[in-house]
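Subject: Structure for your review

Dear colleague,

Please find below the structure that I am handing over to you. I would be grateful if you could look through it alongside the notes that come after it.

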Amino acid sequence: MLENIRLSFQGIFAHKMRSFLTMLGIIIGIAAIIAIVSTIKGTSDQIRKNLIGNGSSKVKVSLNQAGYDVSVSEVDPNKVPLLTDKMVEDMEDLEGVDIVVGYYNSEVYDGVYYKDNTTEGVSILGTDNKYLEIEEYAVTKGRGFIESDFTEYRNVCLVTRDIAASLFNGENPVDKTVELFGIPFTVVGVVAKEDNFDMNVESVEDWYTYFGYSQTGAIIIPKCDWQKIFAYDRPSNLLIRADSIEDMSKAGKNVADYMNKFINTEEEGAVTYKAEDTLEKARELQELANATNSQLIWIASISLLVGGIGVMNIMLVSVTERTREIGLKKALGARKGVILGQFLTEAAVLTSLGGFIGVGAGIGLAFIIAKAAEVPVSISIPAIIVSVIFSMVIGIVFGLLPSVKASNLNPIDALRYE
């Protein structure tokens, strides 16, 4: 085998230009496939990161009516159950669920003031530190909530950075007092999301594709203070952390189904719980990208077929040129298997070499496309391995006919060939 490989390289380098032209179809086909697969994988990875973050397994289970999220302040507490500690414990025992936390939210457009300043569009959240942990909020100024804020029902709040900028006009908001519907709350800290991935959002359409709703700044109060502003106990939205990213869909559905057991879901216009299935949304977008680009892979594969035909052609020429050499080997006792193996090895080495060159060209082409089109790229190691193996298989398949022809030559006729 090693001798056959040595002879194959010897033959390839003896006819460099002919060998390169023979490999060109293989090189182009492999390069095109590697470039396409790399951009597909890069795009899919970016979609996944944009939708579910880098390693985050949080899922929101929100109150929903007719396909739209509703504020807890708009929900009839007689028709949707109030969240209890027992319900939280039960849900944390469900398959795929790690942590469950309830929270209140309401988007308001008036009633939030600092001195004479107000802001249009703000989310008021009633929650605790467990929510802040799962949502990956970090305190950038001041402090977060402490236990006594809850046990003593203190009127304190946290604000996000955009609220700090718009409502306080550049002042440090810590220790300042804001009015929430006439009730004073002391700002104890400023928080911001600990985003650990790059969001590839380049347009309004991208924003709604990835999130499906508009983002507003938030003022976060202890959930025990919610009744001070909105007067009544309200049903909670739920934020859960799944055991893993793969369990997100299952965990969200299990929690939503559990909560909906306490609701008359058959009632017209009923408000029910619905899980935000970002994992499924990621899969759908990835499948759409894959379906579109798989056609390009098939088109690129045509050049591999053309390259295989080129290999068959050049191997037939090689058999013709080396007819006397084959005859001499057979006259000296070389068996059919030896001749067959020599020519099959030469064809496989030729296409494998083309495969390696194609992989290098494909990686370079992928980065050029990524730079020119401003799309993410991610090199797929399995695709590289499969491409090289596939190029070798092409050599064997298309080199089989010439190899069989060489092995079946009559030694006497071959020696007399001119």
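The notes below set out what was found, beginning with the overall picture.

Please bear in mind that this is a predicted model. The protein contains 14 helices and 13 strands. Of its 418 residues, 45% are buried. Among contacts between residues at least 6 apart in sequence, 80% join residues at least 24 apart.

Next, the interior. In soluble globular proteins, nonpolar side chains tend to be buried together. Here, the largest nonpolar core has 47 residues, and V178, I219, I221 and Y273 are those with the most contacts inside it. Helix α9 (residues 248–260) supplies the largest share of this core, namely 6 residues. A second, separate core has 18 residues, including Y103, L132, I220 and C224.

If its neighbours within four places in sequence are set aside, V178 is in contact with Y113, Y114, C157, L167, F168, I183, P184, F185 and V187.

Finally, there is a pair of helices to examine. How do α12 and α13 run relative to each other? The axes of helix α12 (residues 336–373) and helix α13 (residues 381–407) cross at roughly 150° and come within 7 Å. Angles over 145 degrees count as roughly antiparallel, and α12 and α13 are therefore roughly antiparallel to each other. Their crossing is right-handed. The contact of α12 with α13 involves 17 nonpolar, 8 polar and 1 charged residues.

Yours sincerely,
A colleague

Methods. Residues numbered from 1 in each chain as written. Predicted model: local features only at pLDDT ≥ 70, side-chain atom pairs only at ≥ 80, totals over all residues. Heavy atoms only, no water. Core = buried A, V, L, I, M, F, W, Y, C linked by side-chain atoms within 4.5 Å. Buried < 20%, exposed > 50% of the residue type's maximum accessible area, 1.4 Å probe, protein only. Helix = DSSP H or I, 4+ residues; strand = E, 2+ residues; numbered from the N terminus. Contact = heavy atoms within 4.5 Å. Axes fitted to C-alpha atoms, helices over the stretch in contact; angles between N-to-C directions. Parallel < 35°, antiparallel > 145°, perpendicular 65-115°, else oblique. Left-handed = near helix turned anticlockwise from the far one by under 90°. Nonpolar A, V, L, I, M, F, W, Y, C, P; charged D, E, K, R; others polar.
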